[in-house]
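Trainee: I am new to this structure. Could we walk through it together?

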Amino acid sequence: MKTKEMVFAALFAAFIGVLGLIPPIPLGFIPVSITAQTLGVMLAGCFLGKKTGTISLVLFIVLVALGLPLLSGGRGGPSVFVAPSAGYFLSWPVAAFCIGYATEKVWSTLKTWKMILINLVFGVVLVSLIGAPVMAFITHTSVWAGLVGATAFLPGDCIKAVIAAIIAIQLKAISPIEEKVNNT
């Protein structure tokens, strides 16, 4: 791994932590709040690519496990791994990998609509399909109830998917993916 990739991974882990400073929006009917951090997850995948994006999210989770209060609401430490939101943030490295993989596959013909679609499939749907069942398991509710409750995240997550796509397209020229494509 190049120094530049390590720096990008660390910067994105820090960026996602900063997004956690934005106060969460609690929902009364589901024990998981709306946060801005999934925007950072989508950006990590579509800007950094599969390898560096995944590493940035693994680093983020390790820092949270060590007790740094990087999750929205200032949460961190081992207890967050048994909280209702555990499945959501544990899905983030998987989402970043899938977003990065799909982005790299279409890089030479990348358009904003493709990036939005990739973010919707892997940054919105995949995260919910992993997070909602884990939340249901932890809260002793049905998976169906968890998935129905997770629909509350869809409007905001769709907006974040569009924002991440637009930012990634605007920064395409300086993306590590661009450098990787040009060196091959």
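**Hairpin, loop and helix**

Mentor: β1 and β2 make a hairpin, with 2 residues between them. Strands (E, at least two residues) and helices (H or I, at least four residues) are DSSP runs, numbered from the N terminus. This is a predicted model, where local features need pLDDT of at least 70, side-chain atom pairs count only at pLDDT 80 or more, and totals for chains, interfaces and linings use all residues. Residues are numbered from 1 along each chain as its sequence is written, and side-chain values use heavy atoms, leaving out hydrogens and water.

Trainee: Which residue in β2 is the bridge partner of Ile-25?

Mentor: β1 covers residues 25–27 and β2 covers residues 30–34. They pair in the antiparallel sense over 2 bridges; pairing needs at least two bridges found by DSSP. The bridge partner of Ile-25 in β2 is Ile-34.

Trainee: Is Ala-36 buried or exposed?

Mentor: Ala-36 sits in the loop between β2 and α2 (37–48). Leaving aside residues up to four places away in sequence, Ala-36 touches Leu-19, Ile-22 and Lys-160; contact means heavy atoms within 4.5 Å. Buried means under 20% relative accessible area, exposed over 50%, partly exposed in between (1.4 Å probe, protein chains only). Ala-36 has a relative accessible area of 18%, so Ala-36 is buried.

Trainee: What arc do the buried residues of α7 cover around the axis?

Mentor: The buried residues of α7 (residues 143–150) are Gly-146, Gly-149 and Ala-150. They lie on the same side of α7, because the arc they cover is only 100°.

Definitions and conventions
The arc is that of the directions from the helix axis to the C-beta atoms.
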